[in-house]
Structure formats: structure tokens, C-alpha cells
Amino acid sequence: LGDNFYEGLNAEYAHKRDLICNALTDAGLTPSIPQGGYYVLADSNSLPGATSKEKAMYLLRETGVAAVPGDSFYTGDGGRNFLRFCYAKTDAALQEACRRLQRLAVGSGSAAR
């Protein structure tokens, strides 16, 4: 495969990353913007719950968007306030997830408020 293929792939995933990171920011879930890959960790302090699993379940119930609890990637309490999102999705699925995340931004701007 030529350079054009990889440049196009890079542009496609950068666009998807920007979509999800902007939606997470708007929802009060500050992302740690990745330089590569197709996952993003986001700070979930604004969500109710004592653990990242509780926060992930809250997010799923409220928006229908699934995230992997950050506790899965850290030892101790390191991942307690992180959620991992995958953005290797079709454009339609990713746009729908971003729209659903906007539910957290409605009203007071934060789910915990």
C-alpha cells in the first residue's frame, strides 16, 4: 500500500478522534487526546459513582454510550476517574454516540450537578 493510503487513514482517524474528543469535552468528560491509536481516556469526575465501573454504568444508562472502566488499565486507584472510549467506528455510529453524549451537557452542563 502506498503513502496515500496511510495518509488517508491518518486523516480519517484524526477526524474521528476530534469528533469524540469534542463531544467528550462538551459533556464535561475531559479527554486525554491521544497522538495515535483509536482509543481515548476521559476524566469522569463529573459523573456520579465511586468507581469507574459505576461511572461507566451510569453513562450507559443515561446515554446508551458504552465505555470501558479505567480501573481495567491501572493498579490501585489510578483509573478510578477514567473511562476509555473507542472511536474506531463507522461515521454514523460515532456521530450518534457524540449526539448521545450531548445529553450530559444539557441543562447545567454536567451530569453530577
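**Salt bridges and the pocket**

Guide: Let's start with Asp91, which counts as partly exposed at 40% relative accessibility; that label covers the range between buried, under 20% relative accessible area, and exposed, over 50%, with a 1.4 Å probe and protein chains only. Before going on, a word on the ground rules: this is a predicted model, where local features need pLDDT of at least 70 and side-chain atom pairs count only at pLDDT 80 or more, while totals for chains, interfaces and linings use all residues. Residues are numbered from 1 along each chain as its sequence is written, and side-chain values use heavy atoms, with hydrogens and water left out.

Now, who does Asp91 pair with? Its side chain meets that of Lys16 in a salt bridge, at 2.9 Å from N to O. This pair ties together distant parts of the chain, with Asp91 in helix H3 (residues 91-101) and Lys16 in helix H1, 75 residues apart. A salt bridge here is a side-chain nitrogen of Lys or Arg within 4 Å of a carboxyl oxygen of Asp or Glu, and helices (H or I, at least four residues) and strands (E, at least two) are DSSP runs numbered from the N terminus.

Lys16 also bridges to Glu12, at 4.0 Å from N to O. Both sit in helix H1 (residues 3-26), 4 residues apart, or about one turn of the helix. Lys16 is buried, with a relative accessible area of 3%, whereas Glu12 is partly exposed at 38%.

Arg100 is partly exposed, with a relative accessible area of 27%, and Glu96 is partly exposed at 27%. As for networks, salt bridges that share partners join Glu12, Lys16 and Asp91 into one. The structure holds 5 salt bridges.

H3 turns up again at the largest pocket, giving the most to the lining, with 5 residues. Strand S4 (82-86) and H3 each supply at least two residues of that lining. A pocket, on a 1 Å grid over the protein atoms alone, is an open set of points where a 1.4 Å probe fits, with protein on both sides within 12 Å along at least five of seven lines; lining residues have an atom within 4 Å of a point. The lining runs to 15 residues, of which Val65, Ala66, Cys86, Lys89 and Ala97 lie nearest the centre of the pocket.
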